[in-house]
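Biologist: Could we go through this structure together? I would like to begin with how the contacts are counted.

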Amino acid sequence: MLGLGNLQPRQLATQLLNFALVLSTAFMLWKGLSVATDSPSPIVVVLSGSMEPAFQRGDLLFLWNRGLDTKIGEVVVYNVKGKDIPIVHRVVRRFGGGKTPLRLLTKGDNNAADDTELYAAGQNFLTRKEDVVGSVVGYIPFVGYVTILLSEYPWLKQAMLGIMGLMVVLQRE
Amino acid sequence: MSATTKIAVHSLADLKNTSDDALPNYLTSLKFKQNHTQTDIRLALGYTAVAISGALFYIDWKFGWEVTKPYTAPAVIAYFILNTAFSYWIWFVENGVIFEGEGKTGKLRIQTSTKKHMPVYNLTAIFTPTYASGSSSSSKSTTGPQQTLHLRAPFTRWFTADGYFVAKPFQQWLASEIPIIGAADPKNVVEDIGRGNQTQTEAERVLNLGGDSNVLEVLEQLKKGAAAVGGGAGTGSSAGKGGKRRK
């Protein structure tokens, strides 16, 4: 283990660069995936049990947002205006399409009623182009549980980032 | 890195990094002027990529996905092109170079490497000696041909058992094996004793120290003669391994 104090300027710049490259590569891979899927967040984690038994809490979902003609039965992820957390639910009804903008009604498989109550005040349906982030095309069970832990215990996130940063800066393997 | 830093002797990375750090220090102390161009180009490539990513992150965070969308694809492509160039530079251009520079005795470029689980320092020195004004005929400095030396030495030669780097044996090793370092630092040149087949190497070493190109020619003549008689003469480039020339 080598301290930071006795490094030459260029070595210090190299160490910092290594750390910055780890972060920026992760970010750019994410953005590359965003571009490919045309979705602002191409991978999401299921946070609630409202889609059981199809998806459990902690499942990792892969989204695709090209080809906007969503059919009934597809599972979509949408954002509600004014709320931060995206919701994963199934399309149960569709209106419009073609020349008029496509509008969707969604419902959680495990919920008794459809989503009209979850939507923003005065909103009775989703506009496909504006509200929906993407359709689910694949999933990995349980892997996303780490992010649930991280979001429920925010200090874990800071601790993990800190440790990762220190490791990269201090190690020269 | 000074002798005060203690390292873990079983960490090959620590052994190599400490040696790699000590080498430029030693050479710059011998008035070799280090050339940082390659490092600077690598840093420029890397930091440009990071800057692109940082800018994208900022506008994405500030204005959101819809505004950022048209810039995202070009930024991602530019980032990965720069990143590829960066990796290419490290693996194929720098290729383990830890020192590149020029001194009074010539130009020098040093690459080092280690093999997994082998506590041996592999060093490749590519150098072009400059002979200062000779003893008699010409007063101009002349440049010799570029030579390449492959050296290997166990780290135990300059690390103590408890993990301290000792500069003296390290410097002696470099000065004795690489002629242009030896010429710049004659005090650290040591001779191996008790090896009968070392004579030819010694002759070349002395010659490089004297720095007289005339002697070089004479020796070449002698070598040709010897080759005609004994058929066993080699070239000067493998002088680092004197032991291999036994017939």
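Modeller: Two residues are in contact if their C-beta atoms, placed from the backbone, lie within 7 Å. Please keep in mind that this is a predicted model.

Biologist: What share of the contacts in chain B with a separation of 6 or more comes from residues 24 or more positions apart?

Modeller: Such residues account for 60% of those contacts in chain B.

Biologist: And how many helices and strands does chain B have?

Modeller: Chain B has 7 helices and 6 strands. Along the sequence, their order is α-β-α-α-β-β-β-β-β-α-α-α-α.

Biologist: What percentage of chain B is buried?

Modeller: Of its 247 residues, 26% are buried.

Biologist: Let us turn to the strands. How does strand E1 of chain B pair with strand E2 of chain B?

Modeller: E1(B), residues 33–34, and E2(B), residues 97–103, pair in the antiparallel sense over 2 bridges. Within this pairing, B:Gln34 stands opposite B:Gly101.

Biologist: What joins E2(B) to E3(B)?

Modeller: A hairpin does, through 2 residues. The two strands run antiparallel with 6 bridges between them, and E3(B) covers residues 106–113. B:Gly103 has B:Gly106 in E3(B) as its bridge partner.

Biologist: Now the other chain. How many residues does each chain bring to the contact?

Modeller: Chain B brings 20 residues and chain A brings 19 residues. On the side of chain B that touches chain A, helices H1 (12–29), H2 (37–63) and H3 (65–94) each supply at least two residues.

Biologist: Which of them gives the most?

Modeller: H2(B) does, with 9 residues. By class, that side of chain B has 13 nonpolar and 7 polar residues, and no charged residues.

How values were computed
Residues are numbered from 1 along each chain as its sequence is written. Chains are lettered from A and ligands numbered from 1 in the order in which they are written. This is a predicted model: local features need pLDDT of at least 70, side-chain atom pairs count only at pLDDT 80 or more; totals for chains, interfaces and linings use all residues. Helices (H or I, at least four residues) and strands (E, at least two) are DSSP runs, numbered from the N terminus. A residue is buried if 20 or more other C-beta atoms lie within 10 Å of its own, exposed if 12 or fewer, and partly exposed in between; C-beta atoms are placed from the backbone. Ala, Val, Leu, Ile, Met, Phe, Trp, Tyr, Cys and Pro count as nonpolar, Asp, Glu, Lys and Arg as charged, and the others, Gly among them, as polar. Two strands pair if DSSP finds at least two bridges between them.
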